[in-house]
Amino acid sequence: MAHARTAPVPRLHRRVVAALAFLAAAAAGVGILAGPAGSSWAATSADYPYTLKGNVRAAGESVPDATVRVTGQDEEGAAFEEEATTDKNGAWSVGVPTKDGTWTIELVESSLPSGVAVPDGFSFTQEATFGATSTVTRNFTLGAAERQTVGFWDQFLSRAVNGLNFGLMLALAAIGLSLVFGTTGLSNFAHGEMVTFGALMALLFTTGFGLSIWVAIPIAVIASAGLGLAMDAGLWRPLRRKGLGTVQLMIVSIGLSLALRYVYQMFVGGRTEQLPGAVAEVIPGLGPIRLTVTDLISMGVSIVVIVAFAWWLMRTRIGRATRAVSDNPSLAAASGIDVDGVVRVVWVVAAALAGLSGVLWAYFRPGIKWDMGTSILLLIFAAVTLGGLGTAFGALVGSIIVGLLVELSTLWIPSDLKYVGALVVLIVILLFRPQGILGRRERIG
Amino acid sequence: MNFLQIISNTLAQILAPATLGYVLAAIGLSVHFGFAGLLNMGVAGFMAIGAYGFAISILTFGLPWPLAALIGLAAAVVFALIMGIPTLRLRGDYLAIVTIAAAEVLRLLFLTSTFRPVTGSADGLSGFQAGFRASNPLPPGKWGWGPWTYQSDQWWVIIVGVITIAIAVLLVWALMRSPWGRVIRGIREDEDAVGSLGKNVFAFKMQALVVGGIIIAAGGIITAMGTNVNPNVYVTSQTFYVWTALLLGGAATIFGPVLGAVLFWMVRAFLSNLLPALVSIGWLPFLTPEQSQMLVFVLVGAALMLLVIFRPQGILGSKKELTFVR
C-alpha cells in the first residue's frame, strides 16, 4: 500500500517541474517575441548585453501599457535611465550596459490603468543586482482590480455561464442519487464518495499509469459503474433482503461514507492533485464570459450524457421498468418486472454518472482531494430535494437552479458563503412546496 | 510500545471535555431520534450554536458566563424552531436533509471572513473562559489520581460537565416516564395513531426537537468551557460520530447515550494510540503512522455500519423497543 501511494509522487513532481519549466520558457519566449514590437526599448536592448525584465500583473491579469523606469550607472559611472512599456502580456524588458552595481526599477504609478488596487506593502520600486546570469527578472504584482471595471451584467453573464457549467456537473451526480432514492428509498449519503471515486480513478489512470485523459475518463466511468455494481451486490441487496428500513439503510450509508472517505485519504493523503489539462487557456472573443476549453468540453460532455440518459429513461425497456419501479415497486414486481435487476442497473447507472461528475468536478474546482465529493454532497441533496425527491428530471432542473444560485449569489454575498444561498433556498422551498418543483404531492407524507 | 501509556491515555479520555460534550450531545440526540424518532442530522449545528452563543456572548457582549450559557441554550431553541417549522410535517428524511444543511449553513457562517470580528473566522474564538475559571472554587494546582490528573481549571470543567450530564439524564428519565414521554414514543411508533387520539403531533415533535436541542447545545457549551471554539470542529462528521456514539449505547435508553459516548471516545483514543504504536513496532507493515490515524476513522465508519445492521438497538437497548420504525 505504501508503495502504491508513493510511486506516483516523484512522477508527479517531474511533471510539475516540467510544466513550470515550460511556463517559464513560454514567458521568456513571449518577452523575446514581444521585444521587436515594442518601440521604446527595441534599440537599446539590442545594444546592451544585459537585460532586466519582468511583468506587471494585477489580480492575475496582465497589465499592458504600464511604464517601467530603470535607473542606475553605466560602466563609466554616468547616470543611466531607460523606460519601457509593458506589452499586452504585461511583460517588459530593458537592456542595460553593465551588470555591475545596483539597478533601481520603478513602476510608474500614473501609467497604471484605473481600477488597479495597490495591496498593502506594495513597493513601486525594486532593486536588482546581476548575479551569474545576464538577465534579472523583477515582477510587479498588484492586487485585485476594483470591480468597477466590469459591469454588473457582464459579471452576471459570466457567472451565469459558470453556474450552468456547475449545475450540469451537479446534475450528473444528482440524477443518480434521485434514481437510487426513487427505486430503493435510500437517501445515499455515500454518493459523494462515489463522485470522489470517479475523480480518483481518473487520477490513477492518468498520473499513475500515464494514460491519456481521453482514455482515462471512460475507464474511470467504467470503474465507477463497477463500484456501483459491487456496492449493490455486496451491501445494499443483502441489506434489502435482510429487511432493513430506509432509516437504517441511510445510517449504513453514512457509515460507508465515513469509511470510504478515510480509505481515500489513506491512499492520496491530504494533498490536492491535478488532472492533466486542469490549466487551460481562456477562449478569446467571448466578451465578458471567461470559458476555458476544458469548461466547454465539460459542458458538452454533461449535456450529451444527460440527453443520452433521458433517452434511456424514456425510450428503452429498462428505462421504462426503472420508472415503473420508482413509481411503485410492488406493482412493478406484480406486473413481471425484475425489481432486483432494475435496482442493480440503477446502481450501475447512478455510480457511472457520479464517477463522470467527479471527473468534471475535479476540473471545475479545480483539483482532486479526498473529501471533494463530500463537499458537494449537500448541494446534490439540495438539488434533488428542490427538483423533487425521486424524480430524475426534477434532479436535473434542481441541479441547474442550484448551480446558477451558487455562482450568481456571489454577486451579492461573499464567495466563501456561496453554498449558503443554495442551502437556505433548500430550507425555504420546503416551507412552500415540499414536494419540490417536479415532485408529486403524495410522496412527501 | 508502552502499553501502560496507551491504557492511561484511554482511561484519561473518560473525563475529557470532548467526551463530556459528546455525552450530552448523545443524550439530546436520544430525545430526538431514540424517543421521538426525529432524524436530526444537525447535531454539530446544535453544538456549534451552543458553543458560539456562549463564546460570543462573553467576548462581544461581555456577559457573565452563566448568562452566556443561557444565551447559548436560547440560541439552540431558536435554531430548533427554525428547522422544525418547515420539516416536522414532512416525512422523516426531509428533516434529516434540512438539519444537515442548516448545520452546514451555520458552520459556513461561523467560518466566513465577513464576520471575523465576531466569530473569529477560521481561527475560531479563544480567551472567553476567564470568567468561568474565576468562579472556580477548587484549590489551585494539578491534582488527581493516575490517568485522571488534571489542572484545577480542568477539574472545574469536569465537575460542571458531570453535574450537567446528571441533570440531563434525570430530565430525560423524568420526561420519558411522564405522559409527555409516552406520547413522544407513540409518535415514533405510529404518528397517525397518536394524531387520531387528538394529540397535536406537530407540537409534540417540536417540543422534543427543542428539548433535545437544548441538551445538545449544553454539550457544545461544556466543550467550549474546556477548549477553544473552532468552526472546523463542527463539520458533518461530528454529527455522524455522535450518531455512532448514540447507536453504540442504545438510542432509546436513558444510560445508553452516556455509555455509548464514553465508549466511543475510549475506543477512539485507544485505537489512535495503539495503531501508530503497532506501526512503529512493524506489526502493520503496509501503513505509515498518518495512515494508521485514518484507519481509526475507517473503523469508526465500519463500526457504524455493523452496529446498524446487526445490533440497531445498541448495547443497552431492547429489541422490543423499536427505534428504526420508518
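This is a predicted model: local features need pLDDT of at least 70, side-chain atom pairs count only at pLDDT 80 or more; totals for chains, interfaces and linings use all residues.
View 1. Chain B gives 43 residues to the contact, and chain A gives 39. Helix α5(B) has the largest share, with 14 residues.

**View 2. Four strands of chain A form an open antiparallel sheet.** The strand order is β4-β3-β6-β7. Strands β4 (79-85) and β7 (125-128) of chain A stand at the edges. Each edge strand has a single partner, so one side of each is left without a neighbour in the sheet. From one strand to the next, the twist averages 20°.

**View 3. Strands β3 and β6 of chain A pair in the antiparallel sense.** Strand β3 covers residues 67-73, and β6 covers residues 103-107. Four bridges join the two strands. In one of these pairings, A:Val68 has A:Leu107 of β6(A) as its bridge partner.

**View 4. Chain A is assigned two domains.** Domain 1 is made of two segments, 45-115 and 122-141. Domain 2 runs over 152-432. The centres of domain 1 and domain 2 of chain A, taken over C-alpha atoms, are separated by 49 Å.

**View 5. Helices α5 and α6 of chain A cross at roughly 140°.** The pair consists of α5 (residues 191-208) and α6 (residues 213-242), with axes that come within 8 Å. The angle makes α5(A) oblique to α6(A). The crossing is right-handed. From α5(A), the contact uses A:Met194, A:Phe197, A:Gly198, A:Met201, A:Ala202, A:Phe205 and A:Thr206. From α6(A), the contributors include A:Ile213, A:Ala216, A:Ile217, A:Ala220, A:Ser224 and A:Leu227. The residues of this contact divide into 13 nonpolar, three polar and no charged.

**View 6. Helices α9 and α11 of chain A pack at an angle of about 105°.** Helix α9 spans residues 317-327, and α11 spans residues 339-364. Their axes are 10 Å apart. The angle makes α9(A) roughly perpendicular to α11(A). On the α9(A) side, the contact residues are A:Ile318, A:Ala321, A:Thr322 and A:Val325. They meet A:Val339, A:Val342, A:Val345 and A:Val346 in α11(A). Seven residues of the contact are nonpolar, one is polar and none is charged.

**View 7. A cis peptide bond links A:Arg365 to A:Pro366.** Omega for this bond is near -5°. A:Pro366 is found in the loop between α11 and α12 (372-387) of chain A. Most peptide bonds are trans.

**View 8. B:Ser121 has a positive phi.** The phi value is near 50°, in a residue other than glycine. B:Ser121 lies in the loop of chain B between α6 (116-119) and α7 (130-134). Most residues other than glycine have a negative phi.

How values were computed: Residues are numbered from 1 along each chain as its sequence is written. Chains are lettered from A and ligands numbered from 1 in the order in which they are written. Two residues are in contact if their C-beta atoms, placed from the backbone, lie within 7 Å. Two strands pair if DSSP finds at least two bridges between them. Axes are lines fitted to C-alpha atoms, for helices over the stretch in contact, and angles run from 0 to 180 degrees between N-to-C directions. Domain bounds come from an automatic or database domain assignment. Angles under 35 degrees count as roughly parallel, over 145 as roughly antiparallel, 65 to 115 as roughly perpendicular and the rest as oblique. A crossing is left-handed if the near helix is turned anticlockwise from the far one by less than a right angle, and right-handed if clockwise. Ala, Val, Leu, Ile, Met, Phe, Trp, Tyr, Cys and Pro count as nonpolar, Asp, Glu, Lys and Arg as charged, and the others, Gly among them, as polar.
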